[in-house]
Amino acid sequence: MDKVYRRCGIGDELFYALSSYIIEKGVTRLFLEVREGNEAAVSFYEHNGFLQVGRRKNFYERPKEDALVLEKKDLKG
């Protein structure tokens with residue numbers, strides 16, 4: 001993605017739209033995996049209420065890296 005579009009709130013808007021849609025469908029929790037070294041993504045998810053609930057050792061290749069398992073329980077918050 002072009003760096004000029006980073007940190008403009010686009011991700012937050014997309015996440016809000018997704019959250020609104022899945023709340024209407026009755027979803028109450030989300031899980032995802034993110035590369036441990038992807039600091040921007042980890043920061044984004046933490047900012048949006050995700051907490052680390054696990055780790056998958058050597059989940060990624062090239063380079064070999066762990067995945068962090070994140071969960072968001074309260075989609076309304």
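Hi everyone. Let me start with a definition: two rings of Phe, Tyr or Trp count as a pair here if their centres lie within 6.5 Å, and planes over 60 degrees apart make that pair edge-to-face. Please keep in mind that what we're looking at is a predicted model.

So, how many aromatic pairs does that rule give us? The count comes to 5. Take F44 and Y45: their planes sit at 70° with the ring centres 5.3 Å apart, so this pair is edge-to-face.

F59 and Y60 give us another edge-to-face pair, with 5.1 Å from centre to centre and 85° between the planes. F59 has a relative accessibility of 40%, which again puts it in the partly exposed class.

Now, which residues do ring pairs link into a cluster? They are F15, F44, Y45 and F50. If you click on F15, you'll find it in contact with L30, F44, N48, F50 and K72, setting aside neighbours within four places in sequence.

That brings us to the core. F15 and F50 both belong to the largest nonpolar core, which has 11 residues. Among the others are I22, L32, V42 and L75. At least two core residues come from each of helix 1 (10–24), strand 1 (30–35), helix 2 (39–47) and strand 3 (65–72). And which element gives the largest share? That would be strand 1, with 3 residues.

Notes. Residues are numbered from 1 along each chain as its sequence is written. This is a predicted model: local features need pLDDT of at least 70, side-chain atom pairs count only at pLDDT 80 or more; totals for chains, interfaces and linings use all residues. Side-chain values use heavy atoms; hydrogens and water are left out. A nonpolar core is a set of buried Ala, Val, Leu, Ile, Met, Phe, Trp, Tyr and Cys residues joined through side-chain atoms within 4.5 Å. Buried means under 20% relative accessible area, exposed over 50%, partly exposed in between (1.4 Å probe, protein chains only). Helices (H or I, at least four residues) and strands (E, at least two) are DSSP runs, numbered from the N terminus. Contact means heavy atoms within 4.5 Å. Rings of Phe, Tyr and Trp (its six-membered ring) pair if their centres lie within 6.5 Å; planes under 30 degrees apart count as stacked, over 60 as edge-to-face and the rest as tilted.
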